[in-house]
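Dear colleague,

I am handing over the structure discussed for your review. Please find the sequence and the model below, followed by my account of the findings.

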Amino acid sequence: MELTGKVAVVTGASSGIGEATVAALAGQGMRVIAVARRRERLEALAGALPGVTAHPADVTDEAAVAALADRVRARERACHVLVAAAGATFGRRFRGPDDSAAVARAMDLNLGGTVRCFGAFADLLAASAPARAIAVASVAGKLAVGTSPAYAASKFATVGFVEGIAPDWRRRGVAVCQVNPGLVVTEGFPQQRVRASALGRRLVAGPDDVARAVVEVARRGTPERTVPRWYRPLVVGRHVAAPLYRLATRWA
Ligand SMILES: NC(=O)c1ccc[n+]([C@@H]2O[C@H](COP(=O)([O-])OP(=O)(O)OC[C@H]3O[C@@H](n4cnc5c(N)ncnc54)[C@H](OP(=O)(O)O)[C@@H]3O)[C@@H](O)[C@H]2O)c1
């Protein structure tokens, strides 16, 4: 799909992967609506990049997401690419009832934010077809190792949601895609433990690596993309060789 001159909406746009994605899509000549809660960050981004508009909104707020879709429909009359990148991690362990709140918060933001945005933009994306609905899920949505159980649950659920709606949306001209990053250094995910070692520093990626993958996915409508690509054999291995995976994760 040609991106130049088309309209994109990106959530999680005030930092990290979302911010880099706004810049990458604007660099392709798209008009981009940048969404997150921190207004000043979005306005700085919009001031620095031609074609970018700031729209402060909380994706856990159904009415705010509906208002976002109404504004894009009224002003742009189309949405060709929706990128749901707003997300965060909550809690570190699950050991008792007090830890349930972290699971609920992760589900509300990571799964719920994606569901609300996809729902609010469904008809506009179909009316703008060919179009793309891209969820920034995670390798943690495939392998629940070394991550918060609440976060992994929300990302597994996001992957299930995306795969569940994809066949139906494809018939409406909308490719539903998952971009699954591995370890990426951002504000919300500083990766301090991993970066403490020389090997760890080689394993982490940057937000621009993910943004480039999102642009490629937006162009091609690729159903699933893992970034960096070397995580892919781990993801495949988990499904085709589950006993081996369990053995390997016994010490995680
Ligand atoms: N970094 C990694 O290692 C990694 C790996 C795999 C997947 N991911 C996923 O990539 C996505 C982006 O994360 P990141 O690494 O770029 O982290 P980040 O730099 O912390 O960015 C998170 C973004 O989400 C926004 N956000 C958080 N809560 C929100 C809410 N309620 N409503 C609207 N926006 C909200 C934040 O903006 P405001 O605070 O201004 O609202 C911020 O722009 C997340 O879904 C994350 O799970 C990250």
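The notes that follow cover the sheet and its helices, the salt bridges and the aromatic pairs.

Please bear in mind throughout that this is a predicted model.

The sheet and its helices

Seven strands make up an open sheet with parallel pairing, in the order β3-β2-β1-β4-β5-β6-β7. The edges are taken by β3 (52–56) and β7 (224–227); each has a single partner strand, so one side of each is left without a neighbour in the sheet. From one strand to the next, the twist averages 15°.

Val35 stands opposite His55 in β3. Helix α2 (residues 39–48) packs on the sheet here, where it touches β2 and β3, and its direction makes about 170° with that of β3. Helix α1 (residues 16–27) lies across β1 (7–11), β2, β3, β4 (81–84), β5 (131–136) and β6 (174–181). The direction of helix α1 is at about 170° to β1.

Salt bridges

Side chains of opposite charge can pair when their charged atoms come close. Across the whole structure, the search finds 15 salt bridges.

Lys142 takes part in two of the bridges described here. With Glu163 the N to O distance is 3.8 Å. This pair links distant parts of the chain, since Lys142 is in the loop between β5 and α5 and Glu163 is in helix α5, 21 residues apart. Lys142 is buried, at a relative accessible area of 7%, whereas Glu163 is partly exposed at 43%.

With Glu224, the closest N and O atoms of the Lys142 bridge are 3.1 Å apart. Glu224 is partly exposed, with a relative accessible area of 25%.

A further salt bridge joins Arg171 and Asp168, with 3.8 Å between the closest N and O atoms. These two residues are three apart in helix α5, which means a separation of about one helical turn. Arg171 is exposed, with a relative accessible area of 66%, and Asp168 is partly exposed at 40%. Through shared partners, salt bridges join Lys142, Glu163, Glu224 and Arg232 into one network.

Aromatic pairs

The structure holds four aromatic pairs. One of them is formed by Phe118 and Phe161, whose rings are tilted, at 6.0 Å centre to centre and 45° between the planes. Phe118 lies in helix α4 (residues 100–127) and Phe161 in helix α5 (residues 149–171), so this pair ties together parts that are 43 residues apart in sequence. Phe118 is buried, with a relative accessible area of 0%, while Phe161 is partly exposed at 22%.

Another pair is that of Trp230 and Tyr231: the ring centres are 4.1 Å apart and the planes are at 20°, so the pair is stacked, the cut-off for stacking being under 30 degrees. Trp230 is partly exposed, at 40% relative accessibility, and Tyr231 is buried, at 8%. Finally, Phe118, Phe161 and Trp169 form one aromatic cluster.

With kind regards

Definitions and conventions
Residues are numbered from 1 along each chain as its sequence is written. This is a predicted model: local features need pLDDT of at least 70, side-chain atom pairs count only at pLDDT 80 or more; totals for chains, interfaces and linings use all residues. Side-chain values use heavy atoms; hydrogens and water are left out. Rings of Phe, Tyr and Trp (its six-membered ring) pair if their centres lie within 6.5 Å; planes under 30 degrees apart count as stacked, over 60 as edge-to-face and the rest as tilted. Helices (H or I, at least four residues) and strands (E, at least two) are DSSP runs, numbered from the N terminus. Buried means under 20% relative accessible area, exposed over 50%, partly exposed in between (1.4 Å probe, protein chains only). Two strands pair if DSSP finds at least two bridges between them. Axes are lines fitted to C-alpha atoms, for helices over the stretch in contact, and angles run from 0 to 180 degrees between N-to-C directions. Contact means heavy atoms within 4.5 Å. A salt bridge is a side-chain nitrogen of Lys or Arg within 4 Å of a carboxyl oxygen of Asp or Glu.
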